[in-house]
Amino acid sequence: MLIHLDIERRTTAKKDGTDITDPNTPMTVIVDLFKCNYLHVMKDTDTQKSTPCPEKTNAFQIMMTARRRYDKFPEERKPVNAKDRLYNDVLKLMFGKKYGFTPVQVETVGKRVVSTLTDTLWYIDPFHDKLLGRGIHIPKIFSDLKGYYDWRSQKKKTPVITSACLKEHIDIMSDVLMYPWFLNSQMSELRKSWTEMIESLMKYYRFLEDQKQRTASHHKSETTVRSLTDKSVL
């Protein structure tokens, strides 16, 4: 687009009857009539800066943002038994606390985290009184997740906690704690409680191991050792 800018220095020259109001009057006539200096300036407005358009978010950026959102959860189980109910209640706890997973993690890391916590809580469910008796407390965040394993109503044998089985659950929880998912700031409370759970169970594991060693030593000391030369009277 071209803009004409006419700058004139008018004189006292008289008009000769020429109609200068006619837009088609040649510029040379006007210059000769008014005896003026004429400067013709051209300006290209295409060089003017235009307002920059906002940067558009492309499909890749949208996809990457979605992959980083921790708002996915494994599906609930059909509640066939008490352990399924515990699993679903663990999910509800995590949903309420927003301990979610990305779309990529939910079917792998997500299921492993929920299953591991469920399995451990299920194993120690009949032994909360024993744990409290040794001054061992379950983290507050998990304190309501108990009372599922009702072995009495099912007329089962009294459950027995063993150091070997307890250590197996501790090791699995420790392995899962190594997932980078736990390093997200959104999971800081869960990471702390998960760690406290491992430490508490380790205390009871050491107690069971000490108890087992004392029992073995006691049995050994009660064993009568007889010599081949010993004589007995029947």
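Guide: The axes of helix 4 (residues 106-124) and helix 6 (residues 163-177) come within 10 Å and cross at roughly 155 degrees; axes are lines fitted to C-alpha atoms over the stretch in contact, with angles from 0 to 180 degrees between N-to-C directions. Helices are DSSP runs of H or I, at least four residues long, numbered from the N terminus. The crossing angle makes helix 4 roughly antiparallel to helix 6 (over 145 degrees). This is a predicted model, in which local features need pLDDT of at least 70, side-chain atom pairs count only at pLDDT 80 or more, and totals for chains, interfaces and linings use all residues. Residues are numbered from 1 along each chain as its sequence is written, and side-chain values use heavy atoms, leaving out hydrogens and water.

From helix 4, Arg-112, Val-113, Thr-116, Asp-119, Thr-120, Tyr-123 and Ile-124 meet Cys-165, Leu-166, His-169, Ile-172, Met-173 and Val-176 of helix 6, contact meaning heavy atoms within 4.5 Å.

Leu-166 also belongs to the largest nonpolar core, of 45 residues, where Leu-166, Phe-142, Trp-181 and Trp-194 touch the most other members. Such a core is a set of buried Ala, Val, Leu, Ile, Met, Phe, Trp, Tyr and Cys residues joined through side-chain atoms within 4.5 Å, buried being under 20% relative accessible area with a 1.4 Å probe, protein chains only. Helix 7 gives the largest share of this core, 10 residues. Beyond its neighbours within four places in sequence, Leu-166 is in contact with Tyr-123, Ile-124, Ile-161, Leu-201, Tyr-204, Tyr-205 and Leu-208.

Conventions: Helices (H or I, at least four residues) and strands (E, at least two) are DSSP runs, numbered from the N terminus. Angles under 35 degrees count as roughly parallel, over 145 as roughly antiparallel, 65 to 115 as roughly perpendicular and the rest as oblique. Buried means under 20% relative accessible area, exposed over 50%, partly exposed in between (1.4 Å probe, protein chains only).
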